[in-house]
Amino acid sequence: MHLDHSHDGPSAVSADAHRPDGSRRALRIGLGGPVGSGKTATVAALCRALRDELSLAVVTNDIYTREDAEFLLREAVLPPERITAVETGACPHTAIRDDISANLEAVEDLEDEVGPLDLILVESGGDNLTATFSKGLVDAQIFVIDVAGGDDIPRKGGPGVTTADLLVVNKTDLAPYVGSDLARMAADAKAQRAELPVVFQSLRSEPGVRDVADWVRAQLAAWTA
Amino acid sequence: MSRAALLVLADGRFPAGGHAHSGGAEQAVKAGRITGAASLEDFCRGRLHTTGLVAASLAAAAALGVDAVALDEAADARTPSPALRVAARKLGRQLMRAARATWPSAELDDLARRFPKGAHQPVVLGVAARAAGLGAVDAAHCAAYESVSGPASATVRLLSLDPFEATAVLARLAPESDRVADRAVEAARRVVDGGIDELPAGSAPLLEIGAEVHAAWAVRLFAS
């Protein structure tokens, strides 16, 4: 799945696994999903869980503000030089799939300026159920939905739900209040995704982001193996 | 020369970052200078004959093999707004990446080595055209057309303008865009013999001022 060739030129072009100096670049994991599903909160929780064991950085793709980047800065989950915001011109899915050049620049600049890095999280702007990351930009992707967005989303499927390397069903603590059937969501997700993993999480209670953080650690172990 | 290669380079879907920029349209919409198809056409016409002509001349000169460093300095001299210089170099860097992946060439690699953070976009466009086997005329047409197609598609999103009307604006401007490209190629040919100062220096002060205003906004849809 990884393009493991190197270019002779002065800088990497796209998904090259090595940096111009020959060192292995950071693992890049994308987080996508609908508006308000908890992508930024998950990124913040991952930073807190992983920052003491890994060198990491975050790229946010805000649709029309720097709110997501500023949330992460305000929460002080990482030093400010490790968080970069990309402007997406009213089309968040374009910037992560069809024209990834601005995001590639952001990840490469982070490696140049605060590297060496083990992991870069690329958070998409809130979008629709068809938004997926290009393989030229990320090595693996997480799709974040929440129980309050309707428990029929796993059944409806779509590229994000069906093909993401990890599906996160967030805000499980809200399920009783919005009438969402978690067992049904789990069965529908299983039907859509076969063997691909699904995590149900609530960031408001223990164990919080633990399962997702463990999945990220496993991805990183595979990347550096 | 391949016509199809020109279509690839000029395609609005060519993945070189243009979708995130409005060419000043976002600020002009907010300021009330673009309110519909007619004012979009006025805005684009002004842009075409000023920054469009300069961009087309830079692209044509680069396509003729004029030194990229000298052209990049000339572009700086013709771009007073720091925000626009940043945007032009960002877009240049993004185009460099896309062009190197699309038409691998030693000249593009050399340009990337000399400008790791990007040269002005029209300069990169001219070198990319060479790498694609295209000529100065093609590069000039691309730059001239881009100078109006970007604001037109941005205005469709900003004003919910009827996309057919926006496209008709581009079609009406096509003959003028052709003439601008011709003038740009003539200027670029003069640069080969007469030096860099033969480049036109048409400027649109309101675009420069607007870009500075826009860069200071906290909330915006487009990067420039």
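In chain A of this predicted model, 75% of the contacts with a separation of 6 or more are made by residues 24 or more positions apart, a contact being heavy atoms within 4.5 Å. For chain B, 81% of the contacts between residues at least 6 apart in sequence join residues at least 24 apart.

Because the model is predicted, local features need pLDDT of at least 70 and side-chain atom pairs count only at pLDDT 80 or more, while totals for chains, interfaces and linings use all residues. Residues are numbered from 1 along each chain as its sequence is written, chains are lettered from A and ligands numbered from 1 in the order in which they are written, and side-chain values use heavy atoms, with hydrogens and water left out.

**The two chains**

Chain A has nine helices and seven strands, whereas chain B comes to ten helices and zero strands; helices (H or I, at least four residues) and strands (E, at least two) are DSSP runs, numbered from the N terminus. The radius of gyration of chain B is 16 Å, close to the 17 Å that the globule rule gives for 224 residues, so chain B is as compact as a globular protein of that length. For chain A the value is 17 Å, which agrees with the radius near 17 Å of a compact globule with 225 residues. The radius is taken over C-alpha atoms, and the rule is 2.2 Å times the number of residues to the power 0.38.

| Chain | C-alpha span | Accessible surface |
|---|---|---|
| Chain A | about 55 × 35 × 35 Å | about 9,400 Å², 51% from carbon and sulfur atoms |
| Chain B | about 45 × 35 × 35 Å | about 9,400 Å², 58% from carbon and sulfur atoms |

Buried residues make up 55% of the 225 residues in chain A and 54% of the 224 residues of chain B, where buried means under 20% relative accessible area, exposed over 50%, and partly exposed in between (1.4 Å probe, protein chains only).

**The interface**

The contact takes 24 residues from chain B and 27 residues from chain A. The area buried between them is about 2,000 Å², of which carbon and sulfur atoms give 48%; buried area is the accessible area (1.4 Å probe) that two parts lose on being put together, summed over both. In chain B, H19(B), R97(B) and R100(B) lose the most area to chain A, together 32% of what that side buries.

**An enclosed helix in chain B**

Nine of the eleven residues of helix α7 (residues 121-131) of chain B are buried, so α7(B) is largely enclosed by the rest of the structure. The buried residues, including V123(B), L125(B) and G126(B), pack against α1, α3, α4, α5, α6 and α8 of chain B. After α7(B) comes G133(B), whose phi is positive, near 80 degrees.

**Loops of chain A**

Positive phi in a residue other than glycine is found at A76(A), near 55 degrees, in the loop between α2 (67-74) and β3 (83-87). K171(A) likewise has a positive phi, near 60 degrees; K171(A) lies in the loop between β6 (166-170) and α7 (175-178) of chain A and is partly exposed, with a relative accessible area of 25%.

Technical notes. Areas by Shrake-Rupley, 256 points an atom, 1.4 Å probe, with all protein chains shown as cover.
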